[in-house]
Structures are given as C-alpha cells and as structure tokens.
Amino acid sequence: MARAAVVGAGMTKFGVHDTPLQELFGEAAFDALDDAGIGPSDVEALYFGNAMSGQAENETHLGPKVASYVGMAGIPVQRFEDACATSANAFKNAVAAVEAGVHDVVVVGGVERCTPETGKDTDEMTRIFASASHRQYEQPAGLTFPGVFALLTKRHMHEYGTTEEQLAHVAVKNHGNGALNPRAHFGKETTVEEALDGPVVADPFRLMDCCPFSDGASALVVTSEAYADSYDAPVDVAGVGHATDVVPIADKTTPHVTQAARDAAGEAYEQAGTGADEMDFAEVHDCFTGAEILASEALGLVADGEGGPAAEEGRTARDGDVPINPSGGLKAKGHPIGATGAAQIVELVEHLRGEAGERQIPDAERAVAHNLGGDAATTVVSVMEAHR
C-alpha cells in the first residue's frame, strides 16, 4: 500500500533568475496546483524548504512570506533547512503528515538562489556552502565541498581503480540528458575529451565534474492514499528513508561508502516492499561526478566498485540497464540547494506518468530519488511507483 500520492508537480527552469524568492517559489507552486487541478484554498499546510537565504540574501522567516504570495496565508507553514537535502526532508515530513491524517492536502517544495544575482560571487557562495561542514575541525582547514567530495572520490579510486575517464563519462551522460530537458541550467552536450581538458578544481575533479550554482524552485501537491483517486494523475509514494552519518569526515568509519545513503535506501526499499533491482531509473545527487558513482553503489543499483565501469560502459545512460539522472542531474539540470530534492521528485512523477518527453524512460513503473546534505551525512531516499 502506498504511503501517500503526489497529485501535482511543478518547477521553474533552473539557471539564473533575478526574481524575488517568493515569486520564484510561486511560479513552481502555481504550476503544481494547476497540475493537481486545485487552488490555494484547497491546501491545508505548506512544507517549505530553503537552506541559505539568510546568508545569501538577508532573507529569513520566509515561510509566511511565500505562503502570502501564493494565497495560502493563515495555514500552517513549516520551513526546513537540511543543507542540500532540504526539500527532500520537507517531502518526507509532508508524506508522514498526510499518512498520519494530520492533513489531507499539502504543498511541499523549495526555493533557492545561488548565482551572482544574489550579490554574492562564486568565492563568497563557496564559503557559504562550506558552512555545512564542521565549524571547528573542517572550516579552519579551508575545506570546501569540491574538496569534501574529492576526498571521498579519491578514496574510491584507491579502493577500486575508478578513473578520471570514468568520471568524465558521468559528466558526458548528464550533459547529454540535460540537453533534452528544457528546464535544465545547461542545455549543452560535452565530450570526454573536453571534460578531461578542463581546469582542476579539486583533484580529481575538473570543471566539468562539478555542478553549477543555480537559482530555481520546485513544488509538489501531496495527498493521502485515500484521496489519490480523486485526482487525474496521482503517482504513489511507496517509501521514504532518512538517515544520518557522523560529522566530521575524519570520524566516519569508511567515508566513501556513504553509509547514510545505504541506510536510507534500505529503509525506503523496505517500506516499498521492493529492491534496487526493481528500479527502472534513478535520480541521484550528483553534485560532483564522483558523487553519482558513490550513490549508484550505495543505492544498490550496481555492485561496490562497479559505479565507474557502469558509467563508462553506458549502463547508466537512458537506454542502459540502470538509467541514472535522465533529467541531467545536478550536474546539468542545476542545483538550487533548497529546491533540488523536490525537483528530483518532479522528475520521477513525470516519467512515471509517461510525460517526460524526449528523455522519457520507456515503460517506467518504479523509480528512486537520492538527495544528500553536507558531506553525505544526511540522506533522504524516496521510492515512487506508477499509481495502480
């Protein structure tokens, strides 16, 4: 039995926006409401994600502000902040609320602006992102998130022989998928040679191994399983797992295994009564190419050590046996922190409805989304199924 259903989905194009946060979120929320065929007065609560507007734009207490803009003033609004896993955490709590009967219809989503339109350049935004690392042990050493995932990936390369060429294949695949996604930040394909020729950001990552800073918003309408058939195109939420790992990295037993992802995936699969081998595709948190390889193994989509070869052999391409990131992923679709997790669910909904256009995974019936925060110490994994 499904835990809940998504009956409306909407998102903005990810990229550069000079729109105020409440208006940017409103664009996604109104799309989701239209998709569900309801209005703001039908919504009982808003689960809202935003990670860094206080630091980036001097914008706090955003919950009632965005609710007012979308015509939902007066209803309960809960704001979530969980680094890059912000709106996936909001989604988890929205699902729990409708499943428990606290609310029948809720809107969940997120918004973020991370580009220089905020007034913060790349160096300053990198510093703000790094505030998700350990304040006493990691920040004084200058550790940034390209460095965090470079450390995890270098260990994976040491353990399994993963190569820079295999990382480049991840970038090539995701840029190819992003070229088919009209809402992607980057609609440009690339080549392995171009990826390997880029400047080094944090060894082993070159420029094309890194996702961009993006602006954007995403939103979903979630209702209980009992009400799902009242809507035109429900998609079932079969399981949502949520786990954490220790911080700082130095205290993790085996950092490159991303244990929180494995624990969250196990919980989500158990709730759904399914397993990795039954997933028709996955949207994973590829903030860096190495992160996609780690996630593909942590979710059980490929065996440990096979993430790199799977990318190189085309197994994770849209026509492969384990398609990953048909949206283009964070790498090409973009990464507006607070909107990323809900946007992954938007992508799952569209494929499971058969509405993903040129990037559609044929006959998709079941899929998994993986959204991490910080150094992968927070991970939320969601399993979605076509409505039966």
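With which residue does Arg353 form a salt bridge? I found Glu355, the closest N and O atoms being 3.6 Å apart. I count a salt bridge when a side-chain nitrogen of Lys or Arg is within 4 Å of a carboxyl oxygen of Asp or Glu.

**Ground rules**

I am working with a predicted model, in which local features need pLDDT of at least 70 and side-chain atom pairs count only at pLDDT 80 or more, while totals for chains, interfaces and linings use all residues. Residues are numbered from 1 along each chain as its sequence is written, and side-chain values use heavy atoms, with hydrogens and water left out.

My helices (H or I, at least four residues) and strands (E, at least two) are DSSP runs, numbered from the N terminus. For accessibility I say buried under 20% relative accessible area, exposed over 50% and partly exposed in between (1.4 Å probe, protein chains only).

**Entry 1**

I went back to the opening pair for its surroundings. Arg353 counts as buried because its relative accessibility is 18%, whereas Glu355 is partly exposed, with a relative accessible area of 48%. I also noted a network in which salt bridges that share partners join Arg183, Glu347, Glu350 and Arg359.

A search of the whole structure gave me 20 salt bridges. One of the pairs is Arg183 with Glu350, at 2.8 Å from N to O. Arg183 lies in the loop between helix 7 (164–178) and helix 8 (192–196), and Glu350 in helix 13 (residues 337–353), so this pair ties together parts that are 167 residues apart in sequence. I found both Arg183 and Glu350 buried.

Next I checked Arg366 and Glu278, whose side chains meet in a salt bridge at 3.5 Å, N to O. Arg366 is in strand 10 and Glu278 in the loop between helix 9 and strand 9, so the pair links parts 88 residues apart in sequence. At 14% relative accessibility Arg366 counts as buried, while Glu278 is partly exposed at 38%.

**Entry 1: a lysine without a salt bridge**

Is Lys331 buried or exposed? I found Lys331 buried, yet with no salt bridge. The nearest side chain of opposite charge (Lys and Arg count as positive, Asp and Glu as negative; His and the chain ends are not counted) is Asp286, 7.3 Å away.

Lys331 sits in helix 12 (residues 329–333). A polar atom of its side chain lies 3.3 Å from the backbone oxygen of Met208. Leaving aside neighbours within four places in sequence, I listed the contacts of Lys331 (heavy atoms within 4.5 Å), among them Ala171, His175, Phe186, Cys210, Cys211 and Asp286.

I traced an open sheet of nine strands, ordered 3-2-4-7-1-8-11-10-9, with mixed pairing. Two strands pair if DSSP finds at least two bridges between them. Strand 3 (77–80) and strand 9 (281–283) are at the edges with a single partner strand each, so one side of each has no neighbour in the sheet. The twist averages 25 degrees from one strand to the next.

Then I followed strand 7 (215–223). Nine bridges join strand 7 antiparallel to strand 4, and six join it antiparallel to strand 1. Thr223 in strand 7 stands opposite Val105 and also opposite Ala5. Ala5 in turn stands opposite Asp236 in strand 8; strand 1 and strand 8 run antiparallel, joined by three bridges.

In a regular strand the side chains alternate between the two faces of the sheet. I found both faces of strand 7 covered: Asp215, Ala217, Ala219, Val221 and Thr223 are buried on one side, and Gly216, Ser218, Leu220 and Val222 on the other.

Helix 1 (residues 21–36) lies across strands 1, 2, 4 and 7, at about 35 degrees to strand 7. Helix 9 (residues 259–272) lies across strands 8, 10 and 11, at about 150 degrees to strand 8.

**Entry 2: Ile293**

My last stop was Ile293, in helix 10 (residues 289–298). Ile293 counts as buried because its relative accessibility is 3%. Beyond four places in sequence, its contacts include His156, Leu167, Val170 and Gly307.

How values were computed: Polar contact = N/O pair within 3.5 Å; in protein donor to acceptor, adjacent residues only side chain to side chain. Axes fitted to C-alpha atoms, helices over the stretch in contact; angles between N-to-C directions.
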